[in-house]
Amino acid sequence: MATKVRQAAGTKEEYLQLHRWMCMAKALDDRMHILVKQGRAPFVGSSRGHEGIQVASTAALAADDWLVPHYRGLANAIVRGLTMKEWMLAVFAKVDDPLSAGRNIPGGCYSYRRLKIASVSQVVASWVPKASGIAYAAKLKGEGSVTLCTFGDGATSQGDFHEGVNFAAVHRLPVVFVCENNSYAISVPIRLQMGNPNVADRAAGYGIAGATVDGTDVPACFAVCKGAVERARRGDGPTLIDAKIWRINSHTSEDNHLKYRGKEEIDEAAGHDPIARFGAWLMERGWLTADELAHSQAELDAEASEAADWAEQQPDPIPEEALTHVFA
Ligand SMILES: Cc1ncc(C[n+]2csc(CCOP(=O)(O)OP(=O)(O)O)c2C)c(N)n1
């Protein structure tokens, strides 16, 4: 049964595209770590380990749908159409940065109207009620759009999470909630975060659909997310998806995970890389060769490096404009 669902979820072309988006995110992530080490960029909140569920959930949307991602959602934004150059403009906080006009740390707090990405915030879970609000507005206007809202396991401990999901449940809103469950909120492990580690079990308490999925299994994620988007679009209300993943890097470049997780666990996390797993899955089917994969990753790595060098040379915001776009 599960196999049937998977085969129906995507075509070869769609899967190859999902994989390329993941490799694009990795190329940018790896480049950002280098830039931080070189003292050229300020910060990286890595999406390594999250890419599978991020591309699968976002690719399940239609172009007119809304994305309300959490700060780790680089691959989500890439699927919506964010280019490497645009991302690097944000990394270097340049005047033409389309995400926050150079006003925030990369991925920290931004929106992108053209790509229908809305108001990401660093205040954990604060974007959950916003996502429900967007979905409510869409429903009232009869827009037919679906809103995808993503967050981490730590976010589910916040009151905002409960209020946002409950509101969406009461009004049967067209919204898909995806918990990218990497089992850490910075240094706090999931056993100290919640009594029941299965976030989707809470769906029953809200009276909505829930699903648990291995977030490193891209075809499975794509099937589950497509199902949730379809359910939302036909008026059957929200779904709460718990995607179990592994955070491969530290929380951010300001954090050192060796202080709170052992080397053995860190190595284990690296072994749950969704990009490697999906690449192997594509190769097993003869849809990608090892040479093609290596060539394409090298090409993307070079593109990320060129995007960084280019963005670094672009103009900085001017001091007189510091308060433009800032609301009191
Ligand atoms: C309301 C609030 N409390 C605390 C923080 C500090 N903080 C930033 S990220 C984070 C961890 C969030 O963990 P999780 O939701 O699991 O997402 P992850 O970063 O693991 O993807 C915390 C506590 C914050 N930004 N906002």
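1. The buried residues of helix 12 (residues 290–312) are covered by elements that include helix 2 (12–37) and helix 5 (84–91). Those buried residues are Leu-300, Ala-304, Ala-307, Ala-308 and Ala-311. A residue is called buried if 20 or more other C-beta atoms lie within 10 Å of its own, exposed if 12 or fewer, and partly exposed in between, with C-beta atoms placed from the backbone. Helices (H or I, at least four residues) and strands (E, at least two) are DSSP runs, numbered from the N terminus.

2. The model is a predicted one: local features need pLDDT of at least 70, side-chain atom pairs count only at pLDDT 80 or more, and totals for chains, interfaces and linings use all residues. Residues are numbered from 1 along each chain as its sequence is written.

3. Helix 12 has 23 residues and reaches 33 Å from its first C-alpha to its last, close to the 33 Å expected at 1.5 Å a residue; the expected span is 1.5 Å times one less than the number of residues.

4. An open sheet is formed by 5 strands in the order 1-2-3-7-6, with parallel pairing. Its edge strands, strand 1 (66–68) and strand 6 (209–214), each pair on one side only. Two strands pair if DSSP finds at least two bridges between them. Strand 6 is joined to strand 7 (residues 239–244) by 6 bridges, and the two run parallel. Within this pairing, Gly-210 stands opposite Leu-240 in strand 7.

5. Helix 6 (residues 127–141) packs on the sheet, where it touches strand 1, strand 2 (147–152) and strand 3 (175–181). Contact requires C-beta atoms, placed from the backbone, within 7 Å.

6. Pro-129 lies in helix 6. Pro-129 is buried because 21 other C-beta atoms lie within 10 Å. Leaving aside residues up to four places away in sequence, Pro-129 touches Asp-160, Glu-163, Gly-164 and Phe-167. Pro-129 and Glu-163 are 34 residues apart in sequence, yet 6.5 Å apart in space, C-alpha to C-alpha.

7. Which residues come nearest to the ligand? Of the 15 residues around the ligand, they are Val-124, Gly-152, Gly-154, Ala-155 and Ala-185; a residue is near if its C-beta atom, placed from the backbone, lies within 6 Å. Strand 2 and strand 4 (184–185) each supply at least two residues of this shell.

Terms used: Contact = placed C-beta atoms within 7 Å. Axes fitted to C-alpha atoms, helices over the stretch in contact; angles between N-to-C directions.
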